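Please keep the model in view while reading.

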Amino acid sequence: MAPSPTTRPDRADAFALVRTQSVTMPTSMRAIADRMLDDPHATANGSAAELAARAAVSAATVSRFARHLGFASYAELQRSMTRAVERGIHEHAEIHAGVHVDDDVATVIAKVTEDVRAVMTDTRAALDPAALASTADAIEHARRVVLYGVGASGLVARDLHLKLERIGIASSIADDPHNALTLASVVGSEDVVILVSHSGTTTEVLEVARQAAAQDATVVAITGHANAPLAKQAVRVLLGVAGAESDLRPAAMGSRMSQLAIVDALFVVVAQRTDARSRPLLARSRDAVRTHHRN
């Protein structure tokens, strides 16, 4: 199935996308991001020209900035900012922005748990319900689901694989790039290939996406970057965020929590739609391991 153009959902929070993606942006776009976050109200209510002047960049750079985030135009980006400001979801505590080497244990706990809360809030804003629903539909009717990710993203892919198996969805998890390419080469139009990569630029994952798309499979990307190469290869994009990053807190920590929330929501929707089959299978799987748990 050929990829469709990636567009931002109506409920997406532009500020959440900027917070998680600004670190990897070019210098000129980072300046725009900084001005956005400095004064969200002014940005949401101002024009592209005003934002360009505040960031000391051209109006064309502001337009490219909007497209970089996955919006079709600056007007669409501004609508997202306005909705976020109206709902107050642009507000974001920054105590999690850096765990310091001399922080005591209580402070580390506070910062890490605050980061999880912030990542969940941002993921809720960024994740498109329509994309999640259509992905659940595709899984429900798929002949087979193939999952793959590298590193921490691979752990998330395996988590969804195990969940789908419990409710009778035929699922395969690739353990290495060769295995992933082999699986992608034998899928077809009735299959769904779910690829997990926060950056959306992982070489091995992109190779699998191209192979699966060539076989007309439905390619789903779980990623943190709407304009990443992986998102452009996918038919469906489930967008998450990573939160702030520091020397002691790599982005993979936040992206993993975001991705796990996405796959949990996806699994629940699939289970809802297959309830007549899923409910007894879940009960049987719980009973099967009951004797391995001490009272």
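## A buried aspartate

A residue counts as buried when its relative accessible area is under 20%, and as exposed when that area is over 50%. The model discussed here is predicted. Within it, Asp115 has a relative accessibility of 6%, and therefore counts as buried.

Asp115 belongs to helix 7, which covers residues 105-126. Although 139 residues separate Asp115 from Gly254 in sequence, their C-alpha atoms lie 7.4 Å apart in space.

## Packing of helix 2 with helix 5

Two packed helices are described by the angle between their axes and the distance between the axes. For helix 2 (residues 27-38) and helix 5 (residues 59-68), the angle is about 80° and the axes are 10 Å apart, which means that helix 2 is roughly perpendicular to helix 5.

On the helix 2 side, the contact is made by Ser28, Met29, Ile32, Ala33 and Met36, which meet Thr61, Val62, Arg64, Phe65 and His68 of helix 5. Sorted by class, this contact comprises six nonpolar, three polar and one charged residues.

## The cavity and its lining

The structure holds one cavity of 30 Å³ or more, and the volume of the largest cavity is about 30 Å³. Its lining consists of His198, Ile222, Thr223, Gly224, Gly240, Val241, Ser255, Ser258 and Gln259.

Strand 4 (218-223) and helix 13 (251-273) are the elements that give two or more residues to the lining of the largest cavity, and helix 13 gives the most, with three residues. By class, this lining has two nonpolar and seven polar residues, with no charged residues.

Terms used: Residues numbered from 1 in each chain as written. Predicted model: local features only at pLDDT ≥ 70, side-chain atom pairs only at ≥ 80, totals over all residues. Heavy atoms only, no water. Axes fitted to C-alpha atoms, helices over the stretch in contact; angles between N-to-C directions. Helix = DSSP H or I, 4+ residues; strand = E, 2+ residues; numbered from the N terminus. Parallel < 35°, antiparallel > 145°, perpendicular 65-115°, else oblique. Contact = heavy atoms within 4.5 Å. Nonpolar A, V, L, I, M, F, W, Y, C, P; charged D, E, K, R; others polar. Buried < 20%, exposed > 50% of the residue type's maximum accessible area, 1.4 Å probe, protein only. 1 Å grid on protein atoms, 1.4 Å probe; cavity = no way out; pocket = protein on both sides within 12 Å on 5 of 7 lines; lining within 4 Å. Points joined across faces, edges and corners; volume = space filled by probe spheres on them.
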